[in-house]
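Please keep the sequence and the structure side by side while going through the points.

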Amino acid sequence: MGTGHPRRVRTCSLSLPGYPGVAYVAGQTQTCQAVRRHLIHERGWPRGTVLVKAFWAPGKRGLD
């Protein structure tokens, strides 16, 4: 993986079970996207098992 964005480094180093479970991800938009992308593309989790709720994005208004 090498060096990269801190969110990516922390996500890749998570200790998770060898089989997909369900991930509930909430937070800043870019962080949620990075975690979702990692679980689906790099860990092979099915899309339906990664549930995301972005609560804010820099410079954006109206996210609840």
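1. Helices (H or I, at least four residues) and strands (E, at least two) are DSSP runs, numbered from the N terminus. On that basis the protein has two helices and two strands, which follow the pattern α-β-α-β when read along the sequence.

2. This is a predicted model, in which local features need pLDDT of at least 70 and side-chain atom pairs count only at pLDDT 80 or more, while totals for chains, interfaces and linings use all residues. Residues are numbered from 1 along each chain as its sequence is written, and side-chain values use heavy atoms, with hydrogens and water left out.

3. Helix H2 covers residues 29-42, and its 14 residues reach 19 Å from the first C-alpha to the last, close to the 20 Å expected at 1.5 Å a residue (the expected span is 1.5 Å times one less than the number of residues). Just after H2, Gly-44 takes a positive phi of about 75 degrees.

4. Of the 64 residues of the protein, 27% count as buried, a word that here means under 20% relative accessible area with a 1.4 Å probe, protein chains only. In H2 the buried residues include Thr-29, Cys-32 and His-38.

Notes: Buried means under 20% relative accessible area, exposed over 50%, partly exposed in between (1.4 Å probe, protein chains only).
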